[in-house]
Each structure stands twice: as structure tokens, then as C-alpha cells.
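Dear colleague,

I am passing on the structure below, and my notes on it follow. Please read them with the coordinates open beside you.

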Number of protein chains: 4
Amino acid sequence: MTNYQNIIKQIHGHLSLQKNYGEVAEYIPELAQVNAEKFGVYLAMVDGQSYCVGDWQDSFSMQSIVKVLLLSLAYTKLGGRLWQRVGVEPSGTPFNLLGILENDNGIPRNPFSNAGAIVVCDVLMDLYEDPRQALLQLVRELSGDNFIQFNKQVAESEKTEGYRNVALINLMKSLGNIYNDVDEVLDLYFDCCSIAINCEQLAKTFLFLANHGQTIDGHTRLLNPSQAKRINAIMLTCGFYDEAGDFAYKVGLPGKSGVGGGIVAVLPEKYSIAVWSPRLNDKGNSYRGLKFLEQFTTDTQLSIF
Amino acid sequence: MTNYQNIIKQIHGHLSLQKNYGEVAEYIPELAQVNAEKFGVYLAMVDGQSYCVGDWQDSFSMQSIVKVLLLSLAYTKLGGRLWQRVGVEPSGTPFNLLGILENDNGIPRNPFSNAGAIVVCDVLMDLYEDPRQALLQLVRELSGDNFIQFNKQVAESEKTEGYRNVALINLMKSLGNIYNDVDEVLDLYFDCCSIAINCEQLAKTFLFLANHGQTIDGHTRLLNPSQAKRINAIMLTCGFYDEAGDFAYKVGLPGKSGVGGGIVAVLPEKYSIAVWSPRLNDKGNSYRGLKFLEQFTTDTQLSIF
Amino acid sequence: MTNYQNIIKQIHGHLSLQKNYGEVAEYIPELAQVNAEKFGVYLAMVDGQSYCVGDWQDSFSMQSIVKVLLLSLAYTKLGGRLWQRVGVEPSGTPFNLLGILENDNGIPRNPFSNAGAIVVCDVLMDLYEDPRQALLQLVRELSGDNFIQFNKQVAESEKTEGYRNVALINLMKSLGNIYNDVDEVLDLYFDCCSIAINCEQLAKTFLFLANHGQTIDGHTRLLNPSQAKRINAIMLTCGFYDEAGDFAYKVGLPGKSGVGGGIVAVLPEKYSIAVWSPRLNDKGNSYRGLKFLEQFTTDTQLSIF
Amino acid sequence: MTNYQNIIKQIHGHLSLQKNYGEVAEYIPELAQVNAEKFGVYLAMVDGQSYCVGDWQDSFSMQSIVKVLLLSLAYTKLGGRLWQRVGVEPSGTPFNLLGILENDNGIPRNPFSNAGAIVVCDVLMDLYEDPRQALLQLVRELSGDNFIQFNKQVAESEKTEGYRNVALINLMKSLGNIYNDVDEVLDLYFDCCSIAINCEQLAKTFLFLANHGQTIDGHTRLLNPSQAKRINAIMLTCGFYDEAGDFAYKVGLPGKSGVGGGIVAVLPEKYSIAVWSPRLNDKGNSYRGLKFLEQFTTDTQLSIF
């Protein structure tokens with residue numbers, strides 16, 4: 001029987017001894033101030049077991065990882081009609097380019113680009129009376145922690161510096177793919193990205209995607225099995241900006257990263273795993289997080305391929 | 001126990017009764033002359049079982065499907081150094097655009113674009129004394145059929161009409177990413193695409209990718225498990241031109257299509273499946289082939305996600 | 001001796017009888033309400049003569065034509081250093097595309113694109129204590145009319161609908177090429193575009209560009225001869241969005257158009273001419289304005305080529 | 001009265017003393033072998049006067065300058081129908097990019113890009129029984145020198161190395177904008193570019209464009225005045241690759257450069273001037289040639305603006 005605790009402990013220890021590369025995200029003070037050497041892992045199995053190592057209890061900023069939850073909230077209510085507003089194809093380009101939107105009439109290539117997630121927020125404003133509350137309630141329920149909150153300071157800082165996102169949403173508005181007030185949609189987007197979460201909470205939150213769309217206690221079904229499959233497929237093809245292909249072939253798991261240094265990945269029917277290490281490679285993904293997951297799927301021989 | 005024969009027979013029957021959409025590839029006479037209503041399926045299990053229905057014994061033109069085998073031949077010899085010549089990221093754009101090459105200094109985004117496969121052919125010319133023979137030998141061995149051959153007429157027709165591929169290779173030559181004579185490389189590429197194969201042969205040929213890189217009789221190991229995983233990852237993210245994301249989320253299997261109307265897909269540790277139906281949707285993928293596989297993974301509940 | 005009055009009267013009469021094509025700009029109510037069949041011409045000679053026909057006394061919205069004056073105000077103070085912030089090359093693309101900015105690190109191709117004019121406004125905010133007043137004073141002095149004013153309603157409407165310009169300026173801000181507050185810069189830009197002017201005032205305002213940079217009474221020198229030459233060169237190559245080449249070869253004069261239906265053009269050492277007709281062709285230039293000027297340079301045999 | 005001989009002698013002398021920048025074109029041996037410090041000027045006036053200085057009698061390779069003559073040959077026979085095959089807008093991009101062609105369905109932006117000149121060659125093959133002879137005859141007649149010839153070695157070298165041009169023509173063929181055999185069209189194009197010419201011959205050849213389309217002796221009319229005006233307009237907006245805007249505002253003359261180091265420019269109704277100096281700036285235009293012309297139009301106060 002695979003000794004998961006040994007494996008994650010060994011990889012964590014090995015990587016901790018090696019040189020750590022990359023820079024912490026510095027465009028807002030709240031992200032820049034984090035301790036760059038933090039390194040936590042939490043592995044939550046579908047069978048209820050769990051394993052952890054390092055700084056798994058420290059909270060960090062969810063950032064782009066929240067895009068998966070936003071997508072799930074929109075998809076569960078709107079179904080396939082959602083794809084009229086945002087595509088499902090990998091873009092092959094960095095996460096925030098505008099040129100591509102113009103050629104596609106304001107339809108973002110996929111829901112995990114900034115443009116795509118902003119459109120999803122616009123959709124949520126029409127679907128939910130209080131989309132912030134809907135998101136928070138979802139994360140709290142899935143993670144089992146009622147104290148998870150938005151980080152208002154992070155959100156405020158992002159609003160001050162988010163010129164490119166302002167550009168994105170205004171371009172899409174001019175092309176007819178934003179229905180609500182641009183400032184309100186952006187506010188929602190930045191608030192959602194600011195959620196503070198730790199590895200345990202994150203791994204538990206994503207476990208439903210390894211379990212055909214429902215919580216492992218069977219109490220809550222967020223997505224049907226077909227929908228869960230689709231979200232996983234989009235994570236695999238689009239979850240890592242323009243490093244998605246590289247992640248797919250090195251790690252071989254559907255997953256999503258954020259500039260807070262977090263990565264979460266799932267192996268359907270098996271587990272959800274969250275890794276956190278703030279230094280980012282030049283593609284914007286956690287350097288140690290990627291290294292960890294690559295070694296983890298190699299050592300466990302468990303990947304989707 | 002799953003009754004695969006029943007499932008594929010039922011889906012085949014159901015789709016045969018429904019309207020068939022799309023156009024047969026018509027840019028060369030040999031492809032245009034095919035009977036548009038042909039429809040065959042062959043399912044080869046890793047445990048040695050197999051199931052088939054419809055026109056599974058009729059040969060068709062392999063076309064882009066051969067790119068996976070070319071990649072395997074190059075990867076097994078060159079390993080990771082191959083990625084200096086061709087990327088592994090999905091392009092998000094149609095399969096034969098040139099603009100993207102210019103921005104990337106002649107490095108194609110992935111080995112399943114035309115540009116990427118042409119670079120792989122260029123690599124093979126330096127790796128193998130007789131790359132045509134190496135490919136043919138591989139297909140014959142994997143499929144267990146020694147009569148598989150290139151279709152010279154198809155290859156000749158492609159050479160006459162392949163202006164865009166001539167453009168691609170000359171652009172890459174001017175950017176320094178083609179080492180051999182452009183005409184010889186293109187000849188090799190067109191010859192390889194012309195291989196005539198039927199569903200049984202195709203499914204059997206790709207079974208090694210569902211079996212960690214080796215044949216199910218254990219006689220031949222083409223790739224190590226890690227390499228097989230990577231090829232599967234590239235198939236998933238890049239195997240269907242700009243419909244890769246759609247295929248990933250509808251079918252959920254690594255696979256590859258060709259304009260001859262064939263599609264092959266694998267479920268690691270389980271099976272390889274080949275479907276053939278010549279009518280193509282507007283993305284250049286077999287209309288019925290996609291419909292079949294979508295229903296097949298839904299009915300069997302077997303996909304990687 | 002050329003009888004200019006006869007020529008302009010004849011062309012005006014001829015075109016008035018022909019079908020008028022195109023649509024009036026409709027993105028804001030103030031522009032949409034204009035009488036689409038208005039048609040005025042004013043020709044101001046360097047020797048002091050002038051000729052006019054039709055609705056030359058009716059005011060219309062200056063819109064993009066003001067970009068030439070903004071450029072002159074910045075260029076006279078900053079000289080060649082201005083070209084570090086904005087290029088002088090034609091873009092070959094429509095006037096408001098964003099993709100091109102990303103490739104060029106936020107440096108607009110030329111000062112007559114929206115992006116370029118917005119950068120010029122940003123520059124003016126650092127050069128002039130009250131740039132609005134500086135512009136108004138310039139127009140009033142050159143035209144000899146002290147009642148010329150901004151149209152606040154037009155400016156307000158543009159601010160409400162100008163999503164694409166908001167996108168442009170935020171993209172440039174994120175790329176480091178906007179120094180001031182984005183909202184203040186945009187306000188300035190929209191205010192400047194809103195100036196209401198008639199054909200006589202417009203022709204007189206631009207006469208300094210036909211006179212080596214100084215007013216024909218010799219009282220005021222805005223630019224030195226070399227600078228005036230450069231502004232004219234930029235008007236010729238970039239003055240008509242992606243119809244610049246067409247205008248250059250059909251009309252053969254440096255000029256600038258606006259979506260208010262105005263066009264102004266100059267023949268160095270000879271004249272400045274303003275035409276106004278609100279219906280725009282699909283490139284956003286006045287349909288009758290272009291027709292008039294093409295016939296005018298053909299009949300007078302006077303063009304720069 | 002302007003002393004042209006003094007002016008050109010003085011500028012030539014001044015620049016000869018200053019450091020010479022840039023590299024000689026080196027992609028084919030014949031161009032690389034030229035003496036990089038050669039520097040000649042020839043000024044031919046419409047009134048029959050002429051002035052010269054430096055290496056004006058040395059022959060050099062015409063290269064892209066010939067595109068103007070090819071265009072004239074096509075335009076005189078086909079008139080405005082030519083613009084269905086090639087545009088008249090500046091591209092704002094380097095001279096040999098392919099991406100732009102794809103967006104425009106194989107219609108090059110203007111006849112002075114490589115793609116545009118190749119389309120013009122394709123047109124000439126349908127218009128003239130022997131287009132090579134037609135071109136040679138034209139150059140010989142205009143220059144008054146019957147010994148002007150193609151340089152077969154230059155043409156052969158270009159054919160061997162011209163991968164990018166092969167890419168361009170094949171892309172256009174695939175998009176339907178090349179009617180003849182691609183190899184024959186390219187042969188014609190390379191032959192035409194190879195013409196060896198000196199400053200005197202070049203200045204005299206282009207004098208018709210300063211004289212409303214006819215030779216100054218009145219014997220031959222190649223273009224009507226309107227057509228000559230249009231060619232000049234295209235030279236101004238598109239004659240210097242992506243440095244066209246810069247040339248327009250610094251020099252203020254319609255002109256055309258070639259990688260052989262030649263530049264020719266015209267001032268309508270006044271003169272044609274040819275400058276030759278092989279070192280090219282990073283835009284591919286003669287470094288000293290540009291410097292010379294900028295100073296020349298400043299000193300003579302003669303430009304179109």
C-alpha cells in the first residue's frame with residue numbers, strides 16, 4: 001500500500017534543501033510581504049484520509065484559483081449556455097493579453113484567463129442575488145471552515161493597480177460581452193480573488209471535483225458527473241496560463257494555480273492536493289509547487305495519463 | 001461487467017440513423033472520392049479483448065494521426081532535447097497558421113500542428129538512416145500487419161497542392177529551425193501522412209500508449225512510462241487542432257484526428273479505440289467520430305477525468 | 001488664373017445632386033442628431049483670399065481633427081523627445097485596436113490613433129498648467145473667433161460610452177506609458193474632441209500648417225518650418241485611420257478627418273481647406289468630404305505629388 | 001539661385017567625414033562583397049540640369065527599388081483593377097511578415113512589401129509576353145543606357161537563399177492570390193531585383209515620376225498625371241518598409257530604398273535624386289542615404305510638405 005505521508009514528507013524535505021527559484025508576486029504590497037520560503041502541502045483523499053506537511057496551516061491569497069469555483073457556480077446554474085459567453089479552448093498565450101479578444105469579438109478563449117473569469121463574474125451577477133455570499137458559502141461548506149473570508153486589503157490594492165483588468169473589461173464591454181456595470185463586476189472579481197485560505201481548506205474545497213461533483217460525505221452535489229468531468233478537462237487544458245501543456249505533460253493532473261503561490265490539483269476518484277510556495281516561475285506559477293507535483297505523480301505513479 | 005460490444009454497436013446504430021453532417025476533405029482527389037457514409041469502429045483492450053462494428057476493415061488515409069507516431073519515433077531517440085525544436089503548448093489557433101511561427105522564431109507551438117510535425121520529420125532525417133522505413137516498420141509491428149503501405153498517389157497529390165505546407169517549411173527554414181533540404185523533408189512528411197490503415201490496425205497501433213509505452217504482449221517497449229504519459233498529455237491538449245479543449249471536455253481522452261476522417265483515442269491502462277467516418281466538421285475533425293466518442297465515454301463512464 | 005470659387009461651387013453642386021452614402025456616427029446622441037445632408041466647404045489661401053460654399057457656417061464636432069492641434073501643442077514644447085512616447089509610423093490597422101499596443105510596450109504607433117492622442121493628452125497635462133485653456137486659446141487665436149467652445153454635452157456622452165478608450169488608456173497605464181490619473185487624462189481627451197467649429201474656423205485654424213508653422217499675418221509662430229513639415233508628413237501617412245494610403249493617392253494632401261464628418265487638408269504654401277458632410281464611409285471618414293477633395297485636387301491640378 | 005552642386009558636394013563631404021554606421025546586406029555573397037564605404041549621389045532636374053558627387057558611376061544592385069518600376073508596368077496596363085490584387089495601405093510592419101497576409105486573405109497591404117511585389121510580378125506574367133524584357137526595355141529607355149542588365153549571379157544567389165519569399169508566395173498561392181506557377185513568378189521577381197544600375201541611371205530612370213508620368217524629352221509617357229501622382233503617394237506612405245513614416249517626416253519626399261544601399265526619391269515638378277551607400281540601418285535602409293536626403297531637403301528647403 002502506498003505510504004502517502006512518507007512520499008509527501010520526503011519530497012517536501014528534498015525540495016526544501018534545494019535552492020528555491022523565482023520571485024514572489026510584488027504588484028501589490030500584501031502579496032509582496034509574504035515569507036517567500038513558506039512551503040506547505042495537504043493531500044485529501046476521496047476515502048477520507050488526509051496527509052500534510054510543512055506550512056499547510058498558513059493562509060495565503062487564493063487569487064486565480066478561485067476562477068474554478070466561480071466557473072462551477074455559473075456552470076451549475078447556466079449549464080452549456082455559459083459557453084456562449086466564454087470559450088473552452090486553451091489560448092496558447094499569456095493570461096492577460098487583449099489582442100486575442102478583439103479577434104474573437106470579446107469572447108474570451110477560456111474561463112481561466114483573466115478576461116474569462118471576469119465574464120464569469122458578470123454572469124454570476126445575473127444569476128445570484130449576492131454572488132459574493134454565494135461564493136463564500138460554497139468555500140466554507142466545502143472546506144468545512146466557517147471563518148474563511150475575503151481579504152479586503154488585498155482586494156483594495158488590486159483595484160488600485162489593476163489597470164490591465166480595467167482595460168480587459170472595458171474592451172469586452174465595448175464588444176458587447178459585459179452586461180453589468182464594469183466597476184461592479186471588477187469589484188466582485190477582485191473580492192473573489194482575495195479569499196484567504198490554507199492548504200487544508202483548499203484541498204478539501206476541491207475534493208468534490210475528484211468525486212464526480214459531490215462532497216465525499218454525500219451531503220452536497222454541486223455539479224453532476226458530466227459537469228465535473230468538464231471542469232476537470234478545462235483545468236487540464238487551461239489551468240496554468242501558457243504553461244498548461246507543460247503542466248499536463250509533467251504532472252498529468254487537472255489543476256489550477258494562483259499568483260499567491262498556491263496550486264491545487266485533483267486526480268478523479270482518488271484525491272485533491274494543495275501545495276503552497278510563494279516564489280513564482282516566469283510563467284507566474286509556483287516554482288516549488290510545480291516541482292512538488294511533478295515528483296509526486298512520478299513517485300505515486302498516479303496521474304490521468 | 002461492461003458489455004463493450006453492445007455499447008459500441010448501439011451507439012454506431014443510433015448515429016447511423018441520424019443525419020450525418022460535414023464535408024469530406026476535398027483538396028486532393030484521393031480523399032474526395034471516399035464514400036462519405038463509411039463508419040467503422042474498433043476497440044482494442046489492454047487485456048487483449050477487442051470489439052468492432054461497421055466498416056472497421058476498410059482502409060483510409062492516416063493523415064495527421066501519423067504525427068503521434070512521428071513524435072514517438074523522435075522522442076524515444078532524442079528525449080527531452082526534442083523540445084528545443086518544437087514546443088508542447090496548445091496553440092489556440094487553427095492548425096496551419098504562419099503568423100504564430102514568426103513570433104516564436106520558427107519554433108512551432110506543438111508537434112501536432114503541421115509546422116510541428118514537419119520539424120519532427122526534419123529531426124527524424126537526422127536520427128534515422130531511412131525514416132520512412134522506420135515508420136513503416138513501427139506501424140507494421142504494432143498493428144501486426146506487414147502489408148501496411150504508403151499510398152503514393154495520395155502523397156503525390158498532397159505535394160502538388162500543399163502550398164501552405166511549403167510556406168510553413170520555408171518560413172521555418174528562414175528562421176533556422178529546419179536543418180535539411182526543404183523538399184526532402186516535405187516529401188517525407190507527405191509520404192508519412194499517406195499511410196493507408198483500417199480501424200483495427202489503427203487501434204492496435206496505438207495500444208502501446210494505453211500500456212505505458214510497450215506492446216501488450218510485452219515484446220516491444222517503444223517509450224518508457226514517463227514518455228508515454230507525456231505523449232498522452234500532448235494528445236489531450238493539442239490533438240484536435242483548435243477543437244482540443246472541446247474534445248478534452250466532451251470526450252475526456254487523449255486522442256488524435258486526421259482529415260481522412262479517422263480518430264484514435266486511448267484510455268491509459270484500459271484501451272485504444274479507433275473510429276472512422278469521413279465527413280468533417282468545420283474544425284476538420286470527423287463529425288460522427290466525435291459524436292461516437294462522446295457517447296462512448298458517457299455510456300462507459302470511462303474517461304480520464 | 002484658377003477660379004477657385006467656380007471650382008468648389010461646381011464640385012459642391014455636382015456632389016449634392018448625387019446619392020449620398022454612409023451613416024452618421026451614432027454612438028452618442030449628440031452626433032446622431034445632426035442633419036445628415038449638411039455639406040459645407042471653406043477654402044483659405046495663404047495669400048489671404050478665401051472661398052466658400054454650402055453649410056460652411058454651421059458648427060460641427062471637431063472630434064479626431066483636434067488630434068493635430070494637440071500634437072502641435074505638445075511638439076512645440078517638447079520637440080523630438082515627444083517621439084519617445086508615441087511613434088510616427090502608420091499602423092495599417094483600424095484606429096482603436098489594442099493588440100498592437102501590447103507588442104509595442106504601450107507606445108502607440110502614431111499620434112493620430114486614439115491611443116496616440118490619449119498619450120499626447122497625458123503629455124500635455126505635464127506641459128501646461130491648464131491644457132484645456134491652452135487648446136481653446138490656440139483655436140480661438142488661429143481661427144480669429146473668440147466664441148469657440150467645448151461642447152460639454154458631447155464630452156459627457158463620450159465619457160459614458162467610451163469603453164474602448166477606457167480600455168486603451170488602462171492598457172497603456174499598465175504598460176507604463178501614461179503618467180497621470182487615467183480618468184483625468186480621458187476627461188481632457190474627450191473635452192478636446194468636443195470642440196464645436198465650422199468650416200471657416202477650421203480652415204483658418206489649420207492655415208499655419210500651410211504657412212511653415214506661422215499665421216499668415218505673421219503675428220504668431222506655433223511651429224518652426226521643420227516642425228510644420230513633420231506634422232504635415234504625419235497627417236499624410238496617418239491622418240485617415242486605415243484609409244490613409246487611399247487618401248494619399250486619391251487626394252494627395254496632408255489632412256485629418258473626424259467622425260463628426262469634418263475633414264481638413266492643407267497644401268503647403270498654398271491653402272487650407274475644410275469640408276464637412278456628416279455621412280461616414282465604412283472607414284469612418286466623411287463620404288462626400290473625400291469625394292470633394294479628390295475632385296478638387298484633380299480639377300486644380302494642385303497636390304503634393 | 002540655389003547652387004545644387006555646392007549643396008550636394010558639401011553634404012557628401014560632411015557625411016564622408018563622419019562615422020558610417022550599419023551593416024552591408026550579407027545574406028548573399030554578391031551583396032556582401034561590396035565596398036561598404038562607397039557613397040555616390042546623382043541629382044537629375046526636370047529642367048535637364050544634373051549634378052553628381054562621389055561614386056555615382058559605380059553600379060549596385062537595384063533590389064527593392066525595382067518594385068516601383070514593376071508597379072508602373074502593371075498599373076499602366078491594368079489601371080485601378082490592380083488594387084483588387086494588392087492594397088495601397090502602409091502595413092506598419094516589417095517588409096516580409098506573413099501573419100498579416102493571412103488576415104487579409106492573401107492580399108498584400110501594398111505593392112512595396114515583398115509579398116506585394118511578388119503579386120505584381122504574377123500580374124505582369126499575364127500582362128506581358130516577356131515581362132523581363134519589358135522591364136529591361138523600360139529601364140534602358142528611361143535611363144538612356146542600353147547596357148543595363150540583370151545580374152544573373154545575384155538572382156541565382158537569391159533563389160538559393162530566399163526561403164522567406166518562397167514562404168510568402170506559397171502562402172499567397174494557397175490563399176488564391178497567385179495565378180501562375182510559383183517558381184516562375186519567383187524567378188521573375190529575383191531576376192528583376194538583380195538589375196545592376198548606378199546613381200546616374202537610377203536618377204534618370206525615376207525622373208518621369210517627377211514629370212507627371214512622362215520623360216522630360218516628351219517622347220514617352222509611361223503613366224498619366226493621375227497615375228504618376230498615385231505611384232508617388234504609395235512611395236511616400238510605403239516606400240521605406242516600417243520606416244516610411246520616419247522618412248516622410250524627416251525627408252519629406254516620395255522615394256524607395258533597396259538593400260543594395262540605393263535610395264531614389266523625387267520632388268514632383270523639380271527633380272529625381274539617387275543616393276547610394278551600402279551600409280544599412282536596422283530597418284534595412286541605407287544609413288548615409290537617409291542622412292544625405294534629410295540634410296538635402298533641409299538645405300534646399302524643397303520638400304512636398
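**Notes on the model**

In chain C, the loop between strand S3 (60-61) and helix H3 (66-78) holds C:Gln63. Please bear in mind that this is a predicted model, for which the predictor gives the complex an ipTM of 0.88 and a pTM of 0.90. For chain A the mean pLDDT is 93, with 96% of its residues at 70 or more.

Is C:Gln63 buried or exposed? C:Gln63 counts as buried because it has 23 C-beta neighbours inside 10 Å, where 20 or more are required.

In chain D, D:Gln63 is found in the loop between strand S3 (60-61) and helix H3 (66-78), and its phi is near 50 degrees, a positive value in a residue other than glycine. D:Gln63 has 23 C-beta neighbours inside 10 Å and therefore counts as buried.

Returning to chain C, strand S1 (residues 40-45) runs antiparallel to S2(C), and five bridges join the two; within this pairing, C:Leu43 has C:Tyr51 of S2(C) as its bridge partner. The hairpin that S1(C) and S2(C) form has four residues between the strands, and in this hairpin C:Gly48 takes a positive phi near 100 degrees. Strand S2 (residues 50-54) of chain C is mostly covered, in that four of its five residues are buried.

With best regards

Technical notes
Residues numbered from 1 in each chain as written. Chains lettered and ligands numbered in written order. Predicted model: local features only at pLDDT ≥ 70, side-chain atom pairs only at ≥ 80, totals over all residues. Buried ≥ 20, exposed ≤ 12 C-beta atoms within 10 Å, placed from the backbone. Pairing = 2+ DSSP bridges. pLDDT = per-residue confidence, 0-100.
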